[in-house]
Amino acid sequence: MPEFTNEQLAAIARQLLASGDAGGAEGLARRALADSPEHRESLLILARIAAERNDPQAASAFMERAAAAPRQVHPKDLLSEEVAKLLTAAEADANNPCAWFEAGKALQEARDADRAEACYRRALALEPRYTAAMNNLGLVLNDRGETEAALAALRTALDMPGGAAAYDNYLYVLHFLDGLSADTVAAEHRQWAARCAGPLAPADPQFPNVPDPGKRLRVGYVSPHFHRHPVGRLLLKLFENADPREVEVFCYSGGSQSDDVTALLQLGASHWIDIRNLSDAALADRIRTDRIDILVDLPMHMAGNRLLAFALRPAP
């Protein structure tokens with residue numbers, strides 16, 4: 001009888017890999033494989049190590065063995081019909097990186113991090129500069145608490161074609177890394193501003209609102225989270241205590257969720273604008289048309305943010 005089960009060895013190997021000890025993780029994974037050559041989790045760990053060592057051939061070989069290995073099915077592992085179809089399509093078209101990416105995306109949405117990671121790594125083995133796959137791989141690793149590995153993937157995505165799209169995720173994940181100083185975090189955000197926001201800023205922004213200190217202020221809030229979300233709940237008291245004689249509230253909503261918190265926020269808002277189908281330029285134009293005095297960004301770099309509309313300086 002082994003001292004640890006193969007599942008325990010794989011769990012410890014994942015912890016070692018997350019802490020940067022790839023050699024220790026490899027040793028444990030190979031120990032499990034010596035006992036059970038088709039141990040799927042150990043094969044996935046070795047595939048990841050090979051990928052991080054820039055050995056796509058070995059990574060692909062381990063991934064193929066993992067895909068063929070039997071797996072113990074628990075109720076939480078059961079795939080929906082749609083996800084199963086995408087995974088089956090990827091396996092049938094095994095040399096198509098896009099097929100593996102779509103399967104990974106579906107698995108990620110189903111919160112199946114292990115299989116999502118495996119699919120993204122298959123896509124990257126086939127197309128190493130697949131920006132969206134590298135970006136999503138970073139998010140999967142972050143969801144599993146592997147912050148340093150997540151940031152490494154996202155940094156790699158930043159240098160790929162169209163990599164600026166990964167910047168929001170990189171800055172968001174940065175906040176989960178222990179030991180970073182506030183100055184370092186601020187410097188990273190300034191780099192984003194210089195690369196992504198700065199080129200959009202007008203040289204001489206013009207605002208149609210009248211700068212009258214005695215007028216009723218028009219305040220705009222931009223968010224995809226006007227629902228039962230920490231942001232939505234925090235706004236409840238703010239809206240409840242806003243004096244409508246002094247403040248006219250505009251909510252620019254980019255979210256699709258709606259619940260009891262949404263209904264309460266709508267009661268407290270003077271205007272409710274659905275911005276899901278508006279481009280950044282169109283949103284900026286709408287804000288200018290509304291003559292907003294103070295524009296408030298709520299999601300920062302979280303998903304669904306509209307920071308590039310803010311970069312267009314639609315409000316003072």
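A pocket here is an open set of grid points with protein on both sides within 12 Å along at least five of seven lines, and its lining residues are those with an atom within 4 Å of a point. With that in hand, the second largest pocket of this predicted model turns out to be lined by 16 residues. Gln108, Leu139, Asp143, Tyr172 and Ala303 are the ones that lie nearest its centre. The volume comes out at about 570 Å³. Helix 6 (97-109), helix 7 (113-126), helix 8 (131-143) and helix 10 (167-174) are the elements that each give two or more residues to this lining. Of the contributors, helix 8 gives the most, with 4 residues.

Tyr130 is found in the loop between helix 7 and helix 8. Its relative accessibility is 15%, and because the cut-off for buried is under 20%, Tyr130 counts as buried. What does Tyr130 touch, leaving aside residues up to four places away in sequence? The list runs to Pro97, Cys98, Phe101, Ala123, Leu124 and Met160. Pro97, Cys98 and Phe101 fall within the span of helix 6 (97-109), while Ala123 and Leu124 fall within that of helix 7 (113-126). Met160 is 30 residues away from Tyr130 along the chain, yet the C-alpha atoms of the two are separated by 7.7 Å.

Strand 2 pairs with strand 1 (residues 217-223) in the parallel sense, over 7 bridges. One of the pairings puts Val222 together with Tyr252, its bridge partner in strand 2. To get from strand 1 to strand 2, the chain goes through helix 12 (residues 230-241), in a β-α-β crossover that is right-handed.

Strand 2 also pairs with strand 3 (residues 271-274), again in the parallel sense, and here there are 4 bridges. Phe250 stands opposite His271 of strand 3. The link from strand 2 to strand 3 runs through helix 13 (residues 260-268), and this β-α-β crossover is right-handed too.

Key:
Residues numbered from 1 in each chain as written. Predicted model: local features only at pLDDT ≥ 70, side-chain atom pairs only at ≥ 80, totals over all residues. Heavy atoms only, no water. 1 Å grid on protein atoms, 1.4 Å probe; cavity = no way out; pocket = protein on both sides within 12 Å on 5 of 7 lines; lining within 4 Å. Points joined across faces, edges and corners; volume = space filled by probe spheres on them. Pairing = 2+ DSSP bridges. Right-handed = clockwise from strand over helix to strand, strands pointing away. Buried < 20%, exposed > 50% of the residue type's maximum accessible area, 1.4 Å probe, protein only. Contact = heavy atoms within 4.5 Å.
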